[in-house]
Amino acid sequence: MSKAITFSEYGAPEVLRLSEVTTPEPGPGQVRIRVRAASVNPLDLKIRSGLMAEAAPARFPVIPGLDAAGVVDAVGEGADAAVGEEVLGAAVGGSYGEYALLDRPVAKPRALSWEVAASLVTVGRTAFRVLRQLPVRAGQTLLVHGAGGSVGTVAVQLAVARGITVVGTVGEHDIERVTALGATAVRYGDGWVERVKAAAPQGVDVVLDASGAGVLADSVALTGDSAHVITIADMAAAQHGVRFSAGGADPVDDSLSQLVRRAAAGELALPVWRAYPLDQAATAHGDIEARRNRGKVVLLP
């Protein structure tokens with residue numbers, strides 16, 4: 001037996017409880033890790049609150065969490081890692097616990113902290129995926145809504161590294177940080193269209209919406225083509241002819257390995273706002289819901 005955060009009903013952060021659970025055993029191709037850090041993602045909050053119940057009903061009790069980093073302590077047949085190795089990856093069956101299972105672990109370089117290693121998985125792969133799906137190339141202009149968020153932060157850096165001109169809508173508190181990443185940061189909210197046009201007189205070629213703030217209609221108008229706009233956050237995408245990009249398993253996707261190499265080399269930064277003990281998972285969820293965080297939130301079992 002081991003400890004993990006669980007919930008047995010949908011609701012507010014208080015439904016999260018520290019519980020005794022059966023320690024998971026790795027199946028074929030899997031590894032079990034002793035978790036050193038688990039990332040808290042917005043999707044975790046949606047699942048816990050019941051917002052995803054129609055699309056993906058929960059089988060209670062649920063151990064939340066998508067991402068983890070830790071030390072391999074057991075391996076399944078054919079697993080691509082050995083006991084004692086430090087790894088990170090997407091968790092199977094939840095990551096908010098002392099132990100977690102990973103399907104496709106990626107080696108963690110020593111230069112990468114546990115907190116950043118766990119934080120990179122979902123947001124990094126999401127940013128990598130949507131940039132691959134957008135019709136954008138070097139010399140063109142990309143507008144990123146929510147450039148101060150974790151996915152936006154990674155997307156800005158990946159795009160700038162490819163020679164793409166980036167404009168990002170952000171809150172006042174993120175203008176300086178996003179500008180330092182190589183983007184032109186403009187304040188979101190009323191009047192954002194005019195501010196973007198002033199920042200990009202050459203026009204906007206493609207748009208990534210990572211905010212879900214009701215910006216799709218104006219974004220389509222800016223580009224002149226709904227095929228040049230993609231969202232990861234606005235469920236009204238289809239009403240505007242815009243693609244909603246959701247994650248999916250891709251057995252040949254090596255984006256996480258690439259992201260890890262860049263982060264370890266200092267070529268990719270992902271700020272971690274706060275690390276909480278495992279038993280403070282409810283507080284972590286509450287802080288994110290209240291939008292107090294300014295970067296990634298992680299749990300440390």
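Tutor: Contact means that heavy atoms lie within 4.5 Å. Helices (H or I, at least four residues) and strands (E, at least two) are DSSP runs, numbered from the N terminus. The model is predicted, so local features need pLDDT of at least 70 and side-chain atom pairs count only at pLDDT 80 or more, while totals for chains, interfaces and linings use all residues. Residues are numbered from 1 along each chain as its sequence is written, and side-chain values use heavy atoms, with hydrogens and water left out.

Start with α2 and α7. On the α2 side, Leu120, Val121, Gly124, Arg125 and Phe128 meet Ser255, Leu256, Gln258, Leu259, Val260 and Ala263 of α7. These residues divide into seven nonpolar, three polar and one charged; Ala, Val, Leu, Ile, Met, Phe, Trp, Tyr, Cys and Pro count as nonpolar, Asp, Glu, Lys and Arg as charged, and the others, Gly among them, as polar. The two axes are 9 Å apart and the packing angle is about 110 degrees, where axes are lines fitted to C-alpha atoms, for helices over the stretch in contact, and angles run from 0 to 180 degrees between N-to-C directions. That makes α2 roughly perpendicular to α7: angles of 65 to 115 degrees count as roughly perpendicular, under 35 as roughly parallel, over 145 as roughly antiparallel and the rest as oblique.

Within α7 (residues 255–264), the buried residues are Ser255, Leu256, Leu259, Val260 and Ala263. Buried means under 20% relative accessible area, exposed over 50%, and partly exposed in between (1.4 Å probe, protein chains only). Seen down the axis of α7, its buried residues fall within an arc of 135 degrees, so they line one face of the helix; the arc is that of the directions from the helix axis to the C-beta atoms. An α-helix has 3.6 residues a turn, so residues three or four places apart point the same way. The cover over the buried residues of α7 includes β5 (86–92), β7 (106–107), α2 and α3 (150–161). After α7 comes glycine 266, with a positive phi near 80 degrees.

Helix α2 (residues 114–133) also holds arginine 129. Arginine 129 counts as buried because its relative accessibility is 13%. Leaving aside residues up to four places away in sequence, arginine 129 touches Ile232, Ser245, Ala246 and Gly247.

Now compare another pair. Helix α5 (residues 192–199) and helix α6 (residues 216–223) have axes that come within 11 Å and cross at roughly 30 degrees. That makes α5 roughly parallel to α6. Trp192, Val193, Val196 and Lys197 of α5 make the contact with Asp218, Ser219 and Leu222 of α6. By class, the residues of this contact are four nonpolar, one polar and two charged.

In α5, Trp192, Val193 and Val196 are buried. Seen down the axis of α5, these residues fall within an arc of 100 degrees, so they line one face of the helix. Glu194, Lys197 and Ala198, on the other side of α5, are exposed. What covers the buried residues of α5 includes β8 (141–145), β9 (165–170), β10 (184–187) and α6.
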